[in-house]
Structures are given as C-alpha cells and as structure tokens.
Amino acid sequence: MGVEDFASLTAALGRTAFDHLLIQLAARLNDLAAAYGGEAARLADTVFAVQLPGMGAAEAAGRLRSMLAAPLRAGRRDVPLGCALGVTDQAAEDRLADAEIAMQHARQRGRTQVSLFEPGMRAEVARTFELEDALTQALGGEQFTLLYQPSVRLSDGRPLGAEALLRWNHPTMGVLSPGAFLPVASRMDLLTGVSEWVVKAALRGRREVRSAQPGAFADWQVSVNLSLAELQGSAGLGGLLPLLRAEGAPDIEVTAGSLLDHSQDTLGLLEQLRSLGAHLSVDDFGDSSTNLAALTRFPLSAVKLHPTLTARVPEDARSVTLVQGTVDLAHRLGLNVTAVGVETPEQLAMLRDLGCDAAQGTPSRRPCPRRTC
C-alpha cells in the first residue's frame, strides 16, 4: 500500500503533522493484521505491507479500503488519505514483490486504485520503467515530433490552421501517442518540460509556414493541448512567458473536464493566455464531463465537438438534432464550432448544413509531419 499525494500533504500540513498521519495509519494496519493473525510493516516512507492469512485478494482489498474510508486526524482537521493498493493471494516466495508490482500498476491507473496481481503486470511495469529511463533522454534529444491535423473552414474549404499532435519516436518501441507516456511524464514531474517543448516546436512550425507563404498563410495559426492543472501547479507558464510575449501564444485547447474547476486560479490562467494572443477552445465538448456553465464563465473562443457527437451523423436523427442544438447554443454565445473526427464526405456535408464552422478529419486532410498538408 502506497500513500499518495505525499508532497502536497506535507506542504499543506507540515512534515510533523504528516508523520502523525502515518503513525495513525500504521496503528490501523497493525490492528487489522492482528485481528486476522497477520503482520504489518512499514517498508519505506509512505509504503506499507500487510499480511492477512487465509484471506483472498479481493476480500483483503475490501478490508483495506474500508479501513481507509474513515479519515485520519491532523490537529483539528479530518484528512482523507488516498492510497494505491496492490494485492496478491499467491503463496509464492516473491509474493511481496508481486504485491509491489500490483501497487505500481494501481498507481499507473490513477489515484486511489486497487490492482490484483497478475503475471502479465511484470512486463507492463518493466515497460513503464523503460519509458521513465528514456523520457529524460527524449526531452534532451530529437525523439519528439509533431504531426499537424489541419482545420478546414466549411464555408469555402480554406485551411485555417492546424492542431499540433505530439508523438514520441521511441528508439525501440516505435511511435508512441501521448496516452502511452504522458502519465509517466506526469509522475516524473516532466510534464512541464514536455509542454514547453510542444509549445516551442508549434511556434517554430507556425513561424515557418507564415514565412514561407506570407500571402496565403499570413494568419496561419496552430493549436496545442495544454494541461491547466500542470500549468497551475508549476512554473510551466512562467517559463514560457518570454517566448509567448515575443511571438504571441498559439491557440490553446483544454479538455472539457478541466473546466469543471471553477476556481479563480483557472479563470486567471485562461485570461493570461488570452492576453498573450491565444484563442481558447474546449476540446472534447459533449463528453460526460462537459459543464455548460464553463461556456459563460471562461474566456473561450470555440468548442470542438467530441467525436462521438459526429460519429452517427447523418444516419441517426437524434444525433443530428443534438449536434444542431450544440451548434446553435455555441453560436448564440459567440463561439465557433469545430467538428472533430469527421470520417466521410456525407458527415462533412451534413455538418456544413448544420452550421459547423470548421472540421478536422479524413475527408478534409489527414495529420501529417509537415506544417501544412
């Protein structure tokens, strides 16, 4: 069992108060282990092991989660403690190592997850460690690259710009998409460095296009996806400010889920990006985490429809109605609408008729390594 958010809890509570939390946790683990004739031990600063004889993995995980459900006390405060749990019911001599592998697997899946050990996890964890070793070298070398997915104006087919899509040309694993390595980069505190590389490379690409074809593409724009949480919790934006002030920010795409945070910090960050020249878009608009209130609270310029909204157009009448309603709402709020994941000419024609302003997808243009395609 690995305690999560060590750095943030220590910063918020102080090291002494955090140590008191660990003492309380250790006492609970000892009590639980004693009740079943087992043992508990602290293996590292925030890593514990518990042996519960005669209990299956699923039942043991349930007991541990129930124990963690009650918050611990830090002075007068109740503090919920999040933990990653790795569980095995194998009687092998290396069962402690198996449980640790399962815990690492749980951490890779997100916060407060539980993983029951399976032999295949060894290879998965080994692959993650390999990615961790290679990520730092990738940042310093020339292993990252950007593909560009053009955005086409539906009224006349004119290319408006392109979305920069990050790829990692790993020397042994081949081309990796962001989902394969950004979670690892986040755990290693490298996400800020990756974001800086993407922004700098995107601005360089924009500069090359504008210089090469000043007549046709003088206003060519490029958009990038940035993590608001990473920029808020680090010096990420501060490190980019001189470049953004000198050249103007690229357009910024943020996920709909990130705008569920209605804090003043989020609003201030988006206002600062807009003041630097960025047009702000909500990516994946229409998924389960969409919050309509965000469209009026934040300084947005556009929404990008989630691919599931366009996937059933034009065959499904309800999907057509839903897209039409979304486009009408966005336009009434002064926002442009880009349809993402367009796959067929029929979809493209219907989306044009429904009033979508732009589209990304196969019928318009595929992602490509050049700045314009």
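Strand 8 and strand 16: I looked up how strand 8 is joined to strand 16 (residues 358-361) in this predicted model and found an antiparallel pairing over two bridges, where two strands count as paired if DSSP finds at least two bridges between them. Strands here are DSSP runs of E with at least two residues, helices are runs of H or I with at least four residues, and both are numbered from the N terminus. I noted that Arg 153 stands opposite Ala 358 in strand 16.

On conventions, I kept in mind that the model is predicted, that local features need pLDDT of at least 70, that side-chain atom pairs count only at pLDDT 80 or more, and that totals for chains, interfaces and linings use all residues. Residues are numbered from 1 along each chain as its sequence is written, and side-chain values use heavy atoms, with hydrogens and water left out.

With strand 9 (residues 159-170), strand 8 pairs in the antiparallel sense over nine bridges, and I recorded Pro 159 as the bridge partner of Val 152. Five residues lie between the strands of this hairpin, in which Gly 157 takes a positive phi near 75°.

Helix 10: I then checked helix 10 (residues 264-275), where Thr 266, Leu 267, Leu 269, Leu 270 and Leu 273 are buried. These residues lie on the same side of helix 10 because they cover an arc of only 165° around the axis, the arc being that of the directions from the helix axis to the C-beta atoms. On the other side, I found Gln 264, Asp 265 and Ser 275 exposed.

Key. Buried means under 20% relative accessible area, exposed over 50%, partly exposed in between (1.4 Å probe, protein chains only).
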